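Dear colleague,

Here is the structure we spoke of handing over. Please open it alongside this note.

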Amino acid sequence: MKQNTDNKVQSAELICANENTPADKWYTNIRYLIVGILFGIIFIKAEVISWFRIQEMFRLQSFFMYKVIGSAVITGIISVQIIKRFNIKTIDGNPINIAPKKFSKGQIYGGLIFGLGWALTGACPGSFFAQIGTGATVIIVTLLSAIAGTWVYGYLREKLPH
């Protein structure tokens, strides 16, 4: 019984290791705000959040977005390999644990729904806030729809195919 309790404590410590504690000061997250703002500026300048560019991609009229997405995938693969190989830690010094992924046919359905929504709206969750920040306030409808879709998924998750 003692070992089971110790395992629960260890698990709780691992879960909490990557979360902010209530003792954190309000300004400790400013670095994330700054990185987010810079990322948004880069998205805007590169036209990655442009509705027109996204529509060009889905109509196969331009391969600009495919190049952007492909370079992001390659960068992600290289970054994960570097993190694993050199045991890179977070800014706060915590270890980065990358959990193994398990394939599910639900990922295919989810990807199709995501792609359809992306094609119809010209927006993906990564660009919502940058698009709203540029004055495209109609994207607020898309943002609220994404939140509602996430809630519905959470509600129906157990009933969906695995």
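Below is what was found in it.

Keep in mind that this is a predicted model.

Overall fold. The protein chain has seven helices and zero strands. From the N terminus on, the order is α-α-α-α-α-α-α. The chain has 162 residues, and 14% of them count as buried. Its accessible surface is about 13,000 Å². Carbon and sulfur atoms supply 68% of that surface. Among contacts with a separation of 6 or more, 42% join residues 24 or more positions apart.

Helix 3 and helix 4. Helix 3 covers residues 51-58, and helix 4 covers residues 64-86. Their axes come within 8 Å and cross at roughly 95 degrees. Angles of 65 to 115 degrees count as roughly perpendicular, so helix 3 is roughly perpendicular to helix 4. On the helix 3 side, the contact is made by Arg53, Ile54 and Met57. Helix 4 contributes Phe64, Met65, Tyr66 and Ile69. By class, the residues of this contact are six nonpolar, no polar and one charged.

Annotated spans. The unreviewed UniProt entry carries the annotation "transmembrane region" for residues 32-52, 64-83, 108-130 and 136-156. I looked at two of these spans in the model. Residues 108-130 are 74% helix and 0% strand. The end C-alpha atoms of residues 108-130 lie 27 Å apart. Residues 136-156 are 86% helix and 0% strand. For residues 136-156, the end C-alpha atoms are 31 Å apart.

Best regards

Key. Residues are numbered from 1 along each chain as its sequence is written. This is a predicted model: local features need pLDDT of at least 70, side-chain atom pairs count only at pLDDT 80 or more; totals for chains, interfaces and linings use all residues. Side-chain values use heavy atoms; hydrogens and water are left out. Helices (H or I, at least four residues) and strands (E, at least two) are DSSP runs, numbered from the N terminus. Buried means under 20% relative accessible area, exposed over 50%, partly exposed in between (1.4 Å probe, protein chains only). Contact means heavy atoms within 4.5 Å. Accessible areas come from the Shrake-Rupley method with a 1.4 Å probe; for residues, only the protein chains shown count as cover. Axes are lines fitted to C-alpha atoms, for helices over the stretch in contact, and angles run from 0 to 180 degrees between N-to-C directions. Angles under 35 degrees count as roughly parallel, over 145 as roughly antiparallel, 65 to 115 as roughly perpendicular and the rest as oblique. Ala, Val, Leu, Ile, Met, Phe, Trp, Tyr, Cys and Pro count as nonpolar, Asp, Glu, Lys and Arg as charged, and the others, Gly among them, as polar. UniProt positions are given in the numbering used here, feature names are shortened, and annotations may be inferred rather than shown by experiment.
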